Amino acid sequence: MATSFLAHEKVWFDKFKYDEAERRFYEQANGPAAASSRQSAGAATGPGGDHSELTMRVASLEVENQNLHSAVRDLQQALAKLEARLSTLERSSPTHRATAPQTQHVSPMRQVEPPAKKVATPAEDDEDNDIDLFGSDEEEEDKEAARLRAERLRQYAEKKAKKPTLVAKSSILLDVKPWDDETDMAQLEACVRSVQLDGLTWGGSKLVPVGYGIRKLQIQCVVEDDKVGTDLLEEEITKFEEHVQSVDIAAFNKI
């Protein structure tokens, strides 16, 4: 049954007819140009197709070259006409006309003699030397400025001398330890307070138990930092070797 169907179907067997009809339709629609293009395309597919195509390109380039030459020639002619017209306008304008220069009579130059220099007499020279416009005033101003500077320095020195200077002081709490519990603590405190130094002021004191019946002396003092140091204070107190075993700084505060 399939073979009978293909026997009646003529589409694929008549394909060349449809192609030919399509070609004719497009040739009629596009005109003779399409036909010539198809013929040229068919010729290009032959053995001499490359040579003919090259020849056509060269011919088209020659035509374009001729067109460019003609365009350049036209432009040159237009430019020449424009220059000629411009030169004509310049010649016809009134401002372009050259006027003859007017000559003026110039009188000959006379030589001018310089004014005679007046010779100064000795009397006039003495008068000029006596006149001093600025020298004396400058000397007076220098003396006045020096006097004012000296006065201000003196006032500053007096003010600085009257101003009280701040003295740096420190508060020190000392722990003075005896040798044993048989040491007389009253005598030990008297020995410590007997240390008198410039800038040293003794304060309050108390006895603090250490252990095994031994007590230590805790005494306050105020010292001037520039005059009394802790090393000097310890050295003076430890000189009392019969009563003092050691000296320690328990507290140190700046005032």
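Guide: Two strands pair if DSSP finds at least two bridges between them. This is a predicted model. Here β2 and β3 run antiparallel and are joined by 9 bridges.

Visitor: How many residues lie between the strands in the hairpin of β2 and β3, and which residue takes a positive phi?

Guide: The hairpin has 2 residues between its strands, and Tyr212 takes a positive phi near 60°. Within this pairing, Leu207 has Leu217 of β3 as its bridge partner.

Visitor: Which strand do 8 bridges join to β3?

Guide: That strand is β1, which runs antiparallel to β3. In this pair, Leu174 stands opposite Ile219.

Visitor: How are side chains arranged in a regular strand?

Guide: They alternate between the two faces of the sheet.

Visitor: Beyond its neighbours within four places in sequence, what is Val192 in contact with?

Guide: Val192 is in contact with Val176, Trp202, Leu217, Ile219 and Ile237.

Visitor: Is Val244 buried or exposed?

Guide: Buried means under 20% relative accessible area. Val244 has 3% relative accessibility, so Val244 counts as buried. Val244 is found in the loop between α8 and β4. Leaving aside neighbours within four places in sequence, its contacts include Val176, Trp179, Leu188 and Ile237. Lys177 is 67 residues from Val244 along the chain, with 6.1 Å between their C-alpha atoms.

Conventions. Residues are numbered from 1 along each chain as its sequence is written. This is a predicted model: local features need pLDDT of at least 70, side-chain atom pairs count only at pLDDT 80 or more; totals for chains, interfaces and linings use all residues. Side-chain values use heavy atoms; hydrogens and water are left out. Contact means heavy atoms within 4.5 Å. Helices (H or I, at least four residues) and strands (E, at least two) are DSSP runs, numbered from the N terminus. Buried means under 20% relative accessible area, exposed over 50%, partly exposed in between (1.4 Å probe, protein chains only).
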